[in-house]
Amino acid sequence: METPFSSSQTYIDEFDPLDYYKTYYHPEEGALTGEWLDFTLRNFHETFTLGGVKGDLLIDFGAGPAIYQLLSACEAFNNIITSDFLEQNLAQLQKWLRNDPDAFDWTRIVKYVCELEGNSDNESCKKKEEKLRRTVTKVLKCDALKKNPYDPVEMPQADCLISCLCLEAPCKDVESFTNALRNLKGLIKPGGHIVIQSALNCTYYYVGPKKFFPLAISKEELEMAFKEAGYEIVKIKVTPVLEKSTDISNQDSYYFVHARKPCS
Ligand SMILES: C[S@@+](CC[C@H](N)C(=O)[O-])C[C@H]1O[C@@H](n2cnc3c(N)ncnc32)[C@H](O)[C@@H]1O
């Protein structure tokens, strides 16, 4: 039997950002507010402080309707371009950026990152939100399956590109995942960084009542994809999922990959 896979059209028709917030990032009920955010936010914090990854431009690829992945980055980069494939997600990102009262409330997660940075009083958290809003200079549509993922927009090359829980959505097999990594390479300066964090061996996830089928990638396939796409791997970390909620999604672990585009 063929493995089910959600097409781009399914994402366009069925991915509801408000259901996505509720399912994954709601402060009390969200399925990703525990282990995932703990893993991913600590990794970004370490990468952009002790790891010394910093520069002028960071591209955030496939943000969905989310901003949590940028809370450490905005202290290390002068400009951030964020992006997603879906218009409905871009609209939610714009809402948060213009401080619309209807925007999703990320304050609990902002506080968590401020705690990692050692300043979690209300004033520091407010300042971080303002800094992120100032640092994000563009919100663009992207498509991982295109050779130039921002076509027709001409992109400046970035010092660093990040992406969370994204590439397994559009890529139906490991070959397509490897090609998407090659496409992203064109967006990064020689010697620049790429940081991808996501889930391993996940065959389905729900967004509200809708079921989506991503690529269930293994650690071995992931490493191979980065090597074949021509990156130099700096660090890989994998952490098992302990609090399983298989009625929502079935990943067995989360991964962090930090790699570099070779200088020549
Ligand atoms: C599970 S969501 C992840 C959202 C967010 N990055 C997060 O960390 O919660 C999967 C994302 O993949 C995006 N996506 C689907 N097809 C895509 C494509 N062809 N190119 C880029 N992103 C795509 C969807 O729009 C959605 O935002």
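This is a predicted model: local features need pLDDT of at least 70, side-chain atom pairs count only at pLDDT 80 or more; totals for chains, interfaces and linings use all residues.

Mentor: Residues are numbered from 1 along each chain as its sequence is written.

Trainee: Is I217 buried or exposed?

Mentor: I217 lies in the loop between strand 7 (210-212) and helix 8 (219-228); helices (H or I, at least four residues) and strands (E, at least two) are DSSP runs, numbered from the N terminus. A residue is buried if 20 or more other C-beta atoms, placed from the backbone, lie within 10 Å of its own, exposed if 12 or fewer, and partly exposed in between. Because I217 has 22 C-beta neighbours inside 10 Å, this residue counts as buried.

Trainee: Which residues is I217 in contact with, leaving aside its neighbours within four places in sequence?

Mentor: Two residues are in contact if their C-beta atoms, placed from the backbone, lie within 7 Å. Beyond those sequence neighbours, the contacts of I217 are E168, V174, F177, L200 and L222.

Trainee: At what angle do helix 5 and helix 6 pack?

Mentor: Two packed helices are described by the angle between their axes and the distance between the axes. For helix 5 (residues 107-117) and helix 6 (residues 122-135), the axes are 9 Å apart and the packing angle is about 105°. Helix 5 is therefore roughly perpendicular to helix 6, a term for angles of 65 to 115 degrees. The value asked for is about 105°.

Technical notes. Axes are lines fitted to C-alpha atoms, for helices over the stretch in contact, and angles run from 0 to 180 degrees between N-to-C directions. Angles under 35 degrees count as roughly parallel, over 145 as roughly antiparallel, 65 to 115 as roughly perpendicular and the rest as oblique.
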